[in-house]
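I opened my notebook to look at how the parts of this structure meet. Here is what I looked up, step by step.

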Amino acid sequence: MKTRSRLQRFKESYFLHDFLRDPVALTSFCILVVFLVLGFAAAFIAPFNPYDAMNINIMDAEIPPAWLPGGNPDFLFGTDGQGRDLFSTMLYGLRVSLIIGFGAVALQAFLGIFVGLIAGFMGKSVESILMRIADVQLSFSTYMVAIFISAIFQAAFGLAKYEEIAVPLLILIIGFAEWPQYARTVRASVLAEKKKEYVEAAKVIGLSKTRIMWRHVLPNTLSPVFVISTIQVANAIMSEAALSFVGLGMPVTQPSLGSLINVGFEYIFSGSWWITMFPGIVLVVLILVINLLGDWLRDFLNPKLYKG
Amino acid sequence: MKRSLVFLSLVVILTLGLVGCSSEKKDEAPAKQDSAETTAPAADAGKVLKLAMDADPVSLDPQVQLSGGMMQYAHMVFDPLVRWAKDGSFEPRLAESWEQINDTTMRFHLRKGVTFHSGNPFTAEDVVWSINRLKVSPDFKGLFEPFTEAKVVDANTVDVITKEPYGLLLNMATYIFPMDSKFYTGKDESGKDKAAIVKTGPSFANTNESGTGKYLVAEREQGVRTVFKAYPKYWDKAGNVETIILTPIKNDATRVAALLSGDVDFIMPVPPQDLKRIESTEGLELVTMSGSRIITFQLNSERFEPFKNLKVRQAIIYATDNSGIVEKVMKGFATVAAQQGPKEFASYNPALTPRYDLAKAQQLMKEAGYADGFACTMIAPNNRYVNDEKIAEAFVSMLGKIGIKVSLKTMPKAQYWDQFDARVADIQMIGWHPDTEDSANYTEFLLMCPNSETGYGQYNSGQYCNPEVDAMTIQTQTETDTAKRSALLQKIEKTLYDDAAFVPLHWQNLSWASKNNMNTGEIVNVQNFPYFGNLVIK
């Protein structure tokens, strides 16, 4: 009875209390979990494997969803123009989108926190140099970086290789394009934190700069990082969808949600609306719930909005 | 919650995007609609045609590339000696009449009083100059290989001489678009010859034109828009379109949306999935025609070892469900092919039928020693042929079934042809419409041994080379007995079929759609060179 376990502490925390009392946050979280499960268990849930050509038959192309006239119960949400089962393809596409979204944010956070922390803590010329680099990076749009990098990689590795490295490459592109967001935020918090007494105290004890930086300042700057992370995940998924939509992202053989929407777009006037509509709805809902969760987290972590 | 607003606006933007996004040309729309109230001045102001195609011409030099897009351009800005009429006869254009002088010489009498856009008069010199230039153009020299030379008789008469009696001379004259020899002679600012034919990179002829055609290029921003203005001194007064604004719209759905919303007046091609919709829309007219453009894949055996094996090539053909592609991707808007020339052609061999049989294909792969398959690369254009990208994707998944893993890259045709010529991939897509309207032309360009001297095999990226086929094809050029010639052509098709020289898919149909206030049906033809000069907008 001396100390309560972590779980117990979590159960009694205000964090959980506030979360459970906020129906928007709760619903968003549930939906996100469902998407995560569907995406990462795609190989077990999906009735077909859309990456395996044996399952694709051109004669099955453009079958409407099962509940419409002409629908086939084998294909719940219908098929796309190549005869792939849309439900399976969406699950695999969701997985690709999520991997790219989270992967890119992890890379952004790693780069951004590192740069921001050093810039804020070192100050002076180091700070100016790093922050000017961030400015330069910000002035390139994600698309420009993407076009540039994918052109170089396609030329360097050839077509076959490009398909294999498309996922890590997109993570790299989106990660590199947006790290300054983190760097800026972390630097601002570090500047505020480093004047505080506990940092002074640590210095007096004689701790090394690196230790103070990583063990004392960093943990205190993380709450805004969590908030932007949620937004950045949504942004990264959207960037990937946009890149795939213009044909710079995932190859058609391994579609993401964005490339599926792109493929379906051509059929929209011919009445095969389901090819673009279902992946579109999934993408919008996915980004919406992540954003709503981010909103809730921001409100929760912002002491000025603390309602007690 | 602010971010959900961002989403709402995103949805709104997407919806707008679907409806069609060209708003820039709204200001010109009234010119057409209020013609009733301003009848007299309207004739002066002239009609404007807003044309949307899947791509715009890659160059302004009509002799730089032998392609449908460039020929369509040439028919607007230049004028041929003769051109095809709808009934398959020849319509005099710059040549008013012609006569056979002896077995190998044809005399053309040229139209008098014609001037180029530069103001220079059009003479026999220009015809000779243009034919000489065609004979050195990498793309055209194969077509003009049977030609010896052209000779000036007087200012308005020219003799065209062939090596041997050549039955297709007039067919070829539809490809002679005289260029302004004075305009294209000399050095440009950078000291290069103005007449140079440059496939990639800048040249004088690529960016300047002086033809005798109805339209001159008033403005050009490649890939964005090209404005054609009627040349006031043009000799033929048919047609009443003063300005043509050509906007390339690569995306099929966007191009259709632009027509439906009234942003453009004329689109080509029409994607098969939207034919029904356009047909049933009031105020629009759809014209379709069965075509002779064959769509094929070439397997490069020089580049990729396994394609040297006949069984592998056959397996690929057996694995290709081309009737599935015609039915599902082309929506029946094409004819399944197993050989190069369609039914109406002399080369058509009824014994050659489509070969789709998956089990046989797998068996052949096993026999060839590739039971586990292999990986290879492939490129295809995405705005050249009807549904080219989708066809390529379908083909990739069909090959997947016999264990061949294909990495496909699709690209716009402006990039595609450079890559095609460089033979960067193991499988490359090409469609071919015979320039001479004759079946030997398919083989001459697509399957004869590539030879940069003669220009034969210029588009043979599979590098298929069979001396027997070459010899037979050359023989057809001079064979005047039609029955014998036909038998020879059919034998060529049979050899190619057995040799699995290429993967045949289908002959694509042609389609055009426009507003119904113009004579679209009269200006289009099976060659797919719409004669916009004859277009009349009511």
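Before counting anything, I noted that a polar contact is a pair of N or O atoms within 3.5 Å, where, within protein, one must be able to donate a hydrogen and the other to accept it. I also reminded myself that this is a predicted model.

Entry one: chain A against chain B. I found five residue pairs in polar contact between chain A and chain B, both residues being at pLDDT 80 or more. On the chain A side, helices H7 (142-193), H9 (209-245) and H11 (274-301) each supply at least two residues. H11(A) gives the most, with six residues. I sorted that side of chain A into 19 nonpolar, six polar and five charged residues.

Next I looked for salt bridges, and the interface of chain A and chain B has one. B:Lys331 and A:Glu62 meet there through their side chains, at 2.3 Å from N to O.

How many residues does each chain bring to the contact? Chain A brings 30 and chain B brings 40. Together they bury about 3,300 Å², and carbon and sulfur atoms give 63% of that area.

Entry two: inside chain B. The domain assignment gives domain 1 (10-245 + 518-534) and domain 2 (290-509). I read off 30 Å between their C-alpha centres. The two domains of chain B bury about 2,300 Å² between them, 53% of it on carbon and sulfur atoms.

Here too I looked for a salt bridge, and the count between the domains is one. I traced a salt bridge between the side chains of B:Lys199 and B:Asp421, at 3.0 Å from N to O.

How values were computed:
Residues numbered from 1 in each chain as written. Chains lettered and ligands numbered in written order. Predicted model: local features only at pLDDT ≥ 70, side-chain atom pairs only at ≥ 80, totals over all residues. Heavy atoms only, no water. Domains from an automatic or database assignment. Buried area = accessible area lost by both parts, 1.4 Å probe. Salt bridge = Lys/Arg side-chain N within 4 Å of Asp/Glu carboxyl O. Contact = heavy atoms within 4.5 Å. Polar contact = N/O pair within 3.5 Å; in protein donor to acceptor, adjacent residues only side chain to side chain. Helix = DSSP H or I, 4+ residues; strand = E, 2+ residues; numbered from the N terminus. Nonpolar A, V, L, I, M, F, W, Y, C, P; charged D, E, K, R; others polar.
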